[in-house]
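Open the model in your viewer and keep the sequence panel at hand.

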Amino acid sequence: MSPKLRRALIITAAVIGGVIVAAVFATLLQQPEDEFVAEQPDEQLVAEAEIYDDIIVPPAALGELKTGITDLHGKPVGVKCSTCHTEGNKREPAADTPAQLSDFHTDMEFDHGQLSCSSCHATDDRDKLKLADGTQLAFDDTIEQCAQCHSSEYRSFKHGAHGGASGYWDRTEGARVRNHCVTCHDPHDPAFPDVTPADPPRDRFFGTTQ
Ligand code: HEC
Ligand code: HEC
Ligand code: HEC
Ligand code: HEC
C-alpha cells in the first residue's frame, strides 16, 4: 500500500468516524420521539405584534330590572335597582329566597345550588354585586363573581374552550369576540336549557335520511 493511499484511507476513516460520533451525539441530544414539542413562536415577532384584547359582549341592560319593554333597536329596557332600593326603602329583614317575596320579583325562577340573594347581591347597595369577602363589584364585572365559585369553567372560558367566540382567531389581526356568562346562563337559574337536536344534515347523494 502506497503511503499516499494509506493517508487517504486514514483520512477517510477519520471522517467516517467523526460523522458516526456526531450522529450518535445528535441522537442523544434529540428529544424522545413521543414527546411533542410545539414550535415556539418567534418571540421578537410576538413582542412586536399588537395583541388585541378580547371583547366581551354583555347582555343589554345588565344589572337592571328588565321592564319587558324594548327600545327602537329591539333591546330590553331596564331600570336601575336603586330606583326602588333606596336607603329609606328597605325590606327588613331582607328576603333571601323567592319564597319570602310576596309583592315583587315573585315570578323569578331560582335554582342555583344553596345560594341566597345576598350570596351575590350587596345588601346595602342593590346596584352592586358582592364577592364572598364582602368586596362590592359593579355588574359589569359579573364574570369575576362567577369565576369566584366556578374557577374551572372560568379557566376554560379564558382559553376559549367554554363560552364560544367569534371575531378573529389570530389576535394580532383583530379582537376575539366573546359571550358573557350571563348571556348563556341565567344567574338565578343557570342550568343550560335542554336543546332539541336539529334535523340530520342533508346527505350529498341520497337526500335527507328522514
Ligand atoms: C320597581 C321597584 C324595584 C326595582 C326596580 C328593583 N326591585 Fe328589588 N325589590 C323590590 C321590592 C318591593 C322588594 C321586596 C319584595 C317583597 O318583600 O316581596 C324587592 C326585593 C329584592 C330582593 C330581596 C331582598 C330584599 O331586599 O328584600 C333583592 C335581592 C332584590 N330586590 C334585588 C334587586 C335588584 C338586584 C334589582 C336591580 C337589578 C332590583 N331588585 C330592582 C322592588 C324593586
Ligand atoms: C349567583 C349570583 C346571584 C344570586 C344568588 C342572585 N342573583 Fe340576582 N342577579 C345576579 C346577576 C349577575 C344579575 C344581573 C343579570 C342581568 O341583569 O342580566 C342579577 C339580576 C337580578 C335582577 C334583575 C334581573 C332582571 O332580569 O330583571 C333581580 C330583580 C335580581 N337579580 C334579584 C335577585 C333576588 C331576589 C335573588 C334571591 C332570590 C337573587 N337575585 C339572587 C346574580 C345573582
Ligand atoms: C357563591 C358561589 C357561586 C357563585 C358566585 C356562582 N355560582 Fe354557579 N353554582 C354554585 C353552586 C354551589 C352550584 C351547584 C353545584 C352543584 O349542584 O353541583 C352552581 C351551579 C351552577 C351551574 C350548573 C347548574 C346546573 O344545574 O347544571 C351553572 C351553569 C352556574 N352555576 C353558573 C354560574 C354563573 C354564570 C355565575 C355568575 C353569574 C355563577 N354560577 C355564580 C355556586 C356559585
Ligand atoms: C355560549 C354560551 C355559554 C357561555 C358564554 C358560558 N357558558 Fe357555561 N355552559 C354552557 C353550556 C352549553 C354548558 C353545558 C350544559 C350541559 O352540559 O347541559 C355550560 C355549563 C356550565 C357549567 C356547568 C358545568 C357542569 O359540569 O355541570 C358551569 C358551572 C358554567 N357553564 C359556568 C360558566 C361561566 C362561569 C361562564 C362565564 C365565565 C360560562 N359558563 C359561560 C354555555 C355557556
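Colour by pLDDT, the predictor's confidence in each residue, from 0 to 100. The protein chain averages 87, and 90% of its residues reach 70 or more. Select helix 2 (residues 43-48): its mean pLDDT, 69, is the lowest among the elements. Strand 4 (residues 128-130) has the highest, 97. Helices (H or I, at least four residues) and strands (E, at least two) are DSSP runs, numbered from the N terminus.

This is a predicted model: local features need pLDDT of at least 70, side-chain atom pairs count only at 80 or more, and totals for chains, interfaces and linings use all residues. Residues are numbered from 1 along each chain as its sequence is written, chains are lettered from A and ligands numbered from 1 in the order written, and side-chain values use heavy atoms, without hydrogens and water.

Next, salt bridges (a side-chain nitrogen of Lys or Arg within 4 Å of a carboxyl oxygen of Asp or Glu). The count is three.

- Select arginine 171 and aspartate 54: their closest N and O atoms are 3.4 Å apart. The pair links distant parts of the chain, 117 residues apart.
- Select lysine 90 and glutamate 87: the closest N and O atoms are 4.0 Å apart.
- Select lysine 128 and aspartate 125: here the closest N and O atoms are 3.8 Å apart.

Now go to aspartate 111, in the loop between strand 3 (76-80) and helix 3 (117-120). Aspartate 111 is exposed, at 53% relative accessible area (buried is under 20%, exposed over 50%, partly exposed in between; 1.4 Å probe, protein chains only).
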